[in-house]
Amino acid sequence: MVEPDPEQMASGAGQRLGAPETLGISTLDPGHKPPSMPSGRHVTIRVRMLDDTEELFDISQKASGKVLFDLVCSHMNLIEGDYFGLEFQNHQKMTVWLDHIKPIIKQLRRPKHTILRFAVKFFPPDHAQLLEELTRYLFALQIKQDLSCGRLTCNDSSAALMVSHIIQSEIGDFEESQCRSHLLNNNYIPDQMPLIDKIMEFHSKNLGLTPSESDYQLLEVARRLEMYGIRLHPAKDREGTDLSLAVAHTGVLVFQGHTRINAFNWSRVRKLSFKRKRFLIKLRPDLNSSYQDTLEFLMASRDCCKVFWKICVEYHAFFRLFEEPKPKPKPVLFTRGSSFRFSGRTQKQVIDYVKESEFKKIPFDRKHSRVQHNSRLSPLPSARHHEVPTERGGPGDRVDSPLQQHWTESVLVSAENPSASRPTRASPSHRINGHDNRTGSVSGTEERRGSTRQTPPEHQSTAVASNSPHLSPSSAHSHGMVNGQKSLELCGQSPDGRQPSPLTSPLLYDAGSVRTDDEDDVRRKRFPTDRAYFIAKELLTTERTYLKDLEVITVSFQSAVGQDEATPDSLKSSVLSTFEPLHKFHTGFLREVEQRLALWEGRSNAHIKGDYQRIGDVMLKNLQGLKPLTASLHKQSEVLLELEKACRASRKLEGLCRDFELQKVCYVPLNVFILRPLHRLSHYKQILERLCKHYPATHVDFRDCRAALADVSEVVDQLQGSLIKMENFQKLLELKKDLIGVDNLVAPGREFIRLGCLSKLSGKGLQQRMFFLFNDVILYTSRGMTGTNQFKVHGQLPLHGMTIRESEDEWGVPHAFTLVGQRQSVVVAASSLTEMEKWMEDIQTAIKTAKTSNGPSSDLLSCNLTDNKDPCPVSENVAPLVGPPSGQGPVPLSVICWYRVQSLSFSESCRSLENQLSGNLLRKFKNSNGWQKLWVVFTNFSLFFYKSHQDDYPLASLPLLGYSVTVPSDSENIHKDYVFKLHFKSHIYYFRTESEYTFERWMEVIRSATVPSRHNRVLNNKESHPH
């Protein structure tokens, strides 16, 4: 960064929007200086900030708009300034954005009499992408303005909830008389009086929220409203109907009044243009769409068209491009069309810049807030404040929801090279442009981003409350920080012209805090090093995750679905009677394990040794207490069956379950949570087996561990057959959501065997297809043209009478083999020899089984489809479009296999669900210096990243299919013990564990997801099926 002038640092610092001014300007590359001021006559420009204060800037008339904007950002110490802009009314009384490239004199006719407004220009789909607290504060001020002027319309509950967070930020915790007086003296929304009681009710629930947390919660509610970030531009269609056009991160939107009636995603838009008063949207050809190739809207004037066209160009560039577009070369003779282009960083560049650069947190003041909170930290909100009403939109909401385009670009939430510590930035501070002498440096101790705890969570007993703030669960999405997925890496075009998913290029959010190596070494020496201790600690960490998973059903699912009238009483009682006793039991079990680990580590009653350095007695006692609940464990299959039947009978309930799966808290498919208690017993068995193997027969803990192992093994053996059948049933239900064009996939006797990508040879050459192998049929599909993650079925190949042969020499295609059926033959090619062998082995085994068994009917399709013919329309009784929009809810494994050209067998899927692990890891990127502490959960072929174990949902996820796990080489300069490396193409992540045992365990479970299995686990044909 630029070094400050020593003379300027000698005096005090002024405050603008509460922030000391510096030279740190978000629109500059690291190390660059602000642009020099052109010579010429200066003029004073008045800028109104988001907190309604006005600032004066002395600037040359010849200076470009960028020079003025950089001065404003520097003035506020704003790093992420690229989300904002300066708007003003031109001579035609139209509100336009200040162009960064043009000189100011060409844009402002009367600069002295023009007031520019600093405002949010680009609204990201997820406020978690805003990494600075000051940025989130400015966004909160923008939302406050939009609410007040009626631009952000919503229902009464959402309006009252947002106002409650605003006043929580301004006056602090609820006190009835103060709150009522404040609301009577301040108007936040039109017609506020009827809502005062509701606002006060919501405010009373915000107890303890800091201003920063209130900002976060405000943005959490606002971002899911239909009018969030929407600026309407009046227009008419060809029939003369009054409409409005708007632009968002997803694409161009069409409104009638304040209701969205249509949306055109960027992936569908081929070209935007205008001709006189006509605004034209040229779409990519789509056989499934009824729209014309070019849509035409009539606006008030050519200038109106141009203003809207410019903001569309900027939105597209900011959210879709890697970097700022290069300027076009000037033509020699004449020009054609507009030379306008987006100037500034793209969103990806902003996030990369903030994460890769090092800045120190500098406090700032909140003009309207009586609660002055130290803002050097960037706390996230507490998990208990989660009642956020959902704003239901129009029919296009599921495809064009606030996070869809963000996750279309990136199905995973991601993490670039983060940095948690930042050196102080300094620059002149002045009343007009820094010409005053009141300048200086800001000193302050460097503090860690995020968590404020001094003790790691796994080293706290239940009697010690954590002060760490947590993310609040959202009632919509995943995506998906990842996703997010959840998540800003934009990939190049795929061969078929569609935007490939960044499943091929995953990143991770800045989700944790940095530990120094010395601090970590001291910590290690303080705690036990016995292998049995780390085995017991694995029990503790996985039990914490398991209890959170139970709460997904007992708390989140019950509140979102269980209380609705569409849910049958029998289903409510089944869920209640099955999961509530388990949740209560495991809450007590976790408390005992935490207390025992605290004694073992010497953090409680440190003088007591020996008798408390064991875990077998705790497990034996509680596993014996679990036996009376074995009947509840047998009911897991009944709950799964009853839920499926109820969804078939009620479309409303099916929609409620679908919406629930889109919530962040539901990070794996809902049915997986229902089967968690069965998987947990297998985990107990594995832990006890390791303890028994580690202890000598004379150890004081050996007898209890062996007795506990006998008890849990008995229960596991009883439930094993039911578990395999339920896992197959759950997999069929999951695939039913992934496929379009299938009538009766879930049928008695049908077993899933493998899914994966193969290239099918056709008249057009090799085409990528997704194949699904069952015990009676093979389905081949391709990605559908919808906004969901579903696959469209092109054809089916019954296994009865099928033969298979290698055909690499016959067709000259590597790893090719031919499937010869009774009605058609298909030539396919695998991506590798290993993949080909796995497919051929599974298909041959399935063919042999099909000859001797009476399986289900092989006719799965509503009509006969072939890959070379246009598929017929999907019938009404086909499985509904329940797949989540791209990037929302759990990312289907079939989608991951598609993008990473992998395959997955039923046995591998079961093994991944049963091989779960969780705990704290230190993560490092290839080019970063520090290690970042994260709570990591492995399940369902993915790593899920949390700030701490108390968070309700993951901040990011990383599917591991296609990754390789190794140990770093000496040349990589990772001079630490117990480090493993995850590698996929150009993406490298290092993870550091705390002991040899935990290192071995993480390597073991990750290899179970990355190393293919050669042994398939299939159902016994003599076993009965639940459906």
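The chain holds 23 helices and 29 strands, where helices (H or I, at least four residues) and strands (E, at least two) are DSSP runs numbered from the N terminus. Please keep in mind that this is a predicted model, in which local features need pLDDT of at least 70 and side-chain atom pairs count only at pLDDT 80 or more, while totals for chains, interfaces and linings use all residues. Residues are numbered from 1 along each chain as its sequence is written, and side-chain values use heavy atoms, with hydrogens and water left out.

Of the 1027 residues, 60% count as buried, meaning under 20% relative accessible area with a 1.4 Å probe, protein chains only.

Now to the helices. Helix α12 (residues 569-601) packs against helix α17 (residues 670-694) at an angle of about 40°, and their axes, which are lines fitted to C-alpha atoms over the stretch in contact, lie 12 Å apart. That makes α12 oblique to α17, because angles under 35 degrees count as roughly parallel, over 145 as roughly antiparallel, 65 to 115 as roughly perpendicular and the rest as oblique. On the α12 side, the contact (heavy atoms within 4.5 Å) is made by Phe579, Leu582, His586 and Phe589, and on the α17 side by Phe673, Ile674, Pro677 and Tyr684.

Finally, where does Lys947 sit? Lys947 is in the loop between β25 (942-946) and β26 (956-959), and it is buried, with a relative accessible area of 15%. Lys947 and Leu934 are 13 residues apart in sequence, yet their C-alpha atoms are 5.6 Å apart in space.

How values were computed. Axes are lines fitted to C-alpha atoms, for helices over the stretch in contact, and angles run from 0 to 180 degrees between N-to-C directions. Buried means under 20% relative accessible area, exposed over 50%, partly exposed in between (1.4 Å probe, protein chains only).
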